[in-house]
Each structure stands twice: as structure tokens, then as C-alpha cells.
Amino acid sequence: MAVYTEVTDEALCAFLEAYPIGELVAFRGIAEGVENSNYQLKTTGGDFILTLYEKRVDPTELPWFLGLMRHLAAHGVECPQPVSGRDGEALRELAGRPAAICTFLPGVWPRRVRGEHAAPLGDALAGLHLAGQGYAATRANALGPLGWQPLLGLCRKDGDSVQPGLIAELDAALAGILAAWPAPGSLPEGHIHADLFPDNVFFLEDEAGKPRISGLIDFYFACTDLLAYDLAVCLNAWCFEPDYSFNVTRASAMIRAYSARRPLLPAERAALPVLCRGAALRFLLTRLFDWVNTPPGAMVTRKDPLEYMRKLRFFLSAETPEAIGG
Ligand SMILES: Nc1ncnc2c1ncn2[C@@H]1O[C@H](COP(=O)(O)OP(=O)(O)OP(=O)(O)O)[C@@H](O)[C@H]1O
Ligand SMILES: N[C@@H](CCO)C(=O)O
């Protein structure tokens with residue numbers, strides 16, 4: 001359930017007066033998503049998404065995220081576009097929260113990932129990286145390597161209650177990953193999505209029944225970091241079977257499609273195993289943090305950290321890029 005902040009009819013109608021998108025026809029809360037409150041709006045001007053940004057998004061960073069979405073949409077990426085009010089502002093306040101309206105994207109995210117999703121995803125990811133190049137402002141990755149040690153520290157006290165020995169295993173993995181992490185400046189950097197999981201990628205089917213991407217959403221973890229790290233996030237999120245076996249065919253198709261649009265440098269390909277380990281650790285740590293630090297009844301949907309322990313173990317055992325489809 002992710003409608004944390006309720007909006008009344010009256011408040012919404014008053015809010016909409018600031019926008020040139022007609023009058024409210026209908027609106028409903030969207031239960032999916034864990035970070036923010038989302039509403040689907042139908043107005044006489046069309047379909048839109050209203051997002052109320054909840055506590056975990058720093059309001060001072062919102063202009064960067066909205067600016068990136070605008071930039072990407074202007075450069076050919078299908079992604080939500082912030083709608084400006086009559087005063088030119090896209091960001092304002094509703095029900096005591098920062099709020100923005102974005103364009104609605106058609107399509108649905110895949111509840112079950114299939115092999116044929118991999119190539120369109122790789123292609124779209126490379127397209128996003130290329131389109132992001134002209135967006136000059138940068139945002140450091142708070143959940144990058146420098147953030148992992150402090151995050152692990154915050155899980156230290158209770159982490160072993162999730163699985164005995166977990167913290168010692170993570171200490172050892174983190175030390176190895178940091179020691180092997182690419183040196184600053186050694187790999188291409190740019191703006192990355194950093195959370196391109198299946199629930200953030202919408203597909204439609206073409207006439208032949210083949211899936212094609214209709215849009216990418218949820219840019220609120222986007223940041224400036226190693227481009228190949230974004231591919232590592234996708235290899236984690238898209239390439240495991242429900243029994244946690246790694247689907248190397250799917251990974252190869254994704255990497256090939258990415259490289260066809262933005263050729264990976266040999267050094268990026270060589271770094272994929274450690275980048276995949278780092279990406280697995282990142283999602284493990286944020287999930288573990290939520291697991292051990294969320295009081296019952298709090299407004300955060302917890303996800304299983306151990307799913308990422310299994311993925312991390314796989315990537316620790318995969319020593320070459322070939323072993324992960326590279
Ligand atoms: N622009 C859009 N067009 C159509 N549907 C959207 C759009 N933005 C969001 N949605 C719908 O809202 C749901 C939640 O959105 P989103 O994933 O951005 O929420 P969140 O709580 O910020 O994210 P998350 O939990 O993934 O971090 C999506 O699964 C989708 O159904
Ligand atoms: N994609 C993240 C949640 C944050 O959007 C996860 O699965 O842990």
C-alpha cells in the first residue's frame with residue numbers, strides 16, 4: 001500500500017487550478033510503489049500521475065530529478081514529464097507534502113520477466129545513458145560505495161537476527177568489493193537510473209506480440225555514477241530465475257543490446273563482476289536497513305534482504321565477465 005498521504009477532492013481541485021490541464025474528472029490512489037504516494041488523475045486535459053513525495057525523498061533534490069526527467073524526455077527517452085503550472089513551476093505543495101504532476105505513460109511492468117524483455121531493456125538503458133549526457137548538473141550517489149560501510153554499521157546491531165552470521169559475511173564481502181572497485185575516473189560516468197527494476201519499466205506488445213518498452217519511471221534514485229554500474233543493477237534485478245539461478249542467456253542478450261547502442265569499453269566489461277557484487281550489496285543493505293529499523297506499522301513496505309544475499313553469493317563466485325553473460 002503506498003498512498004501514505006490522503007488527498008481530499010477539495011484540496012485536489014484547488015491544487016489543479018494552478019495547472020493548465022483542465023478540470024478533474026476522476027482520481028484514485030495507486031497501491032504500488034513503496035517510496036511515495038501516487039495518484040492517477042483523469043482531467044478534461046488527459047491522464048496524469050500526481051506524486052506526493054514522502055519523507056525519504058530530500059525536497060531540495062526534487063528539482064534535479066524533475067530536471068533530469070524533462071531533459072531525458074526532450075532527448076527521446078519515454079519517461080514521465082513533469083507538468084508545469086501556469087506560473088512555470090512543476091513543484092508545489094499539496095497536503096503538506098512536496099508534490100508534482102507528471103504525464104501518464106501507457107503500458108504495464110512485467111510481473112514475470114521473460115527472455116524477450118532483456119534486449120529491449122539493454123537498448124533502453126544505453127539510450128538513457130546517451131540521452132543523459134547533456135544534463136550538466138550532477139548528483140552524487142548516496143547509495144554508492146562510500147555509503148555502504150555506514151549503512152552496514154546501522155544494521156550491525158540487529159542484522160544477525162535476519163540470518164545468523166550475516167553481518168560477518170557482509171563485512172567480508174564489502175571489504176573485497178571496495179578493494180576491487182574501479183578507481184575514480186577509470187570508467188565512463190554519467191547520469192544513471194540506479195533502480196531500473198522490472199516495476200519501473202513499462203512494456204506494450206507490438207502487432208507480432210513482441211514486448212517493446214513504452215516507458216521508464218521512478219527516477220528518484222537517479223544520480224551521477226559509473227554507467228556500467230546501472231547495467232549491473234539490471235543484471236541483478238532482471239536476470240535471476242525464481243529459484244535464484246542466474247539466467248546467463250538473458251544477461252548476454254541484455255549486455256549485447258546495451259553494447260550495440262553504447263559500446264562497453266573492455267575495462268567496463270572486465271569490471272562487470274565487481275559492479276554486480278556492489279549492486280547486489282546495495283540492495284541487500286537498503287532492504288536490511290528497512291528490515292531491522294522499521295518499527296511495526298511504519299509506512300515502509302519491507303522487501304526481503306536475503307534475496308540479495310543469494311544474488312551476492314552468486315556474483316562473488318562469478319569471477320569472469322563471461323560467467324555473467326559479458
Ligand atoms: N508516469 C506514470 N505513468 C503511469 N503509471 C505510473 C507513472 N508513474 C507511476 N505510475 C504507477 O505508480 C506505481 C508506483 O510508482 P513508483 O514506482 O514511481 O512509486 P514509488 O513509491 O516512488 O516507487 P518505488 O517503490 O518503486 O521506489 C507504478 O507501478 C505505476 O503503476
Ligand atoms: N528496487 C528497490 C526498492 C526501491 O525502489 C528494491 O527492490 O529493493
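Student: Residues count as in contact if their C-beta atoms, placed from the backbone, lie within 7 Å. What covers the buried residues of α9?

Tutor: In this predicted model, local features need pLDDT of at least 70 and side-chain atom pairs pLDDT 80 or more, while totals for chains, interfaces and linings use all residues. Residues are numbered from 1 along each chain as its sequence is written, and chains are lettered from A and ligands numbered from 1 in the order written. The cover over the buried residues of α9 includes α5 (166-180), α6 (227-238) and α8 (266-293).

Student: Which residues of α9 are buried?

Tutor: Pro305, Tyr308, Met309, Lys311, Leu312, Phe314 and Phe315 are buried in α9. Buried means 20 or more other C-beta atoms within 10 Å of the residue's own, exposed 12 or fewer, and partly exposed in between, with C-beta atoms placed from the backbone.

Student: And how far does α9 reach?

Tutor: From first C-alpha to last, the 13 residues of α9 reach 19 Å, close to the 18 Å expected at 1.5 Å a residue. The expected span is 1.5 Å times one less than the number of residues.

Student: Where is threonine 320, and is it buried or exposed?

Tutor: Threonine 320 is found in the segment after α9 (305-317). It counts as exposed because it has 11 C-beta neighbours inside 10 Å.

Student: Changing topic: what about α2 and its span?

Tutor: Helix α2 (residues 62-74) also has 13 residues, which should span 18 Å at 1.5 Å a residue; its end C-alpha atoms are 18 Å apart, in agreement. Phe65, Leu68, Met69 and Leu72 are the buried residues of α2. Viewed down the axis of α2, they fall within an arc of 100°, so they line one face of the helix.

Student: Why would residues spaced like that point the same way?

Tutor: An α-helix has 3.6 residues a turn, so residues three or four places apart point the same way.

Student: How many helices and strands does the chain have?

Tutor: The chain has 9 helices and 9 strands; these are DSSP runs (H or I, at least four residues; E, at least two), numbered from the N terminus. Of its 326 residues, 37% count as buried. The C-alpha trace spans about 55 × 45 × 35 Å along its principal axes. Of the contacts between residues at least 6 apart in sequence, 73% join residues at least 24 apart.

Conventions
Contact = placed C-beta atoms within 7 Å. Arc of directions from axis to C-beta.
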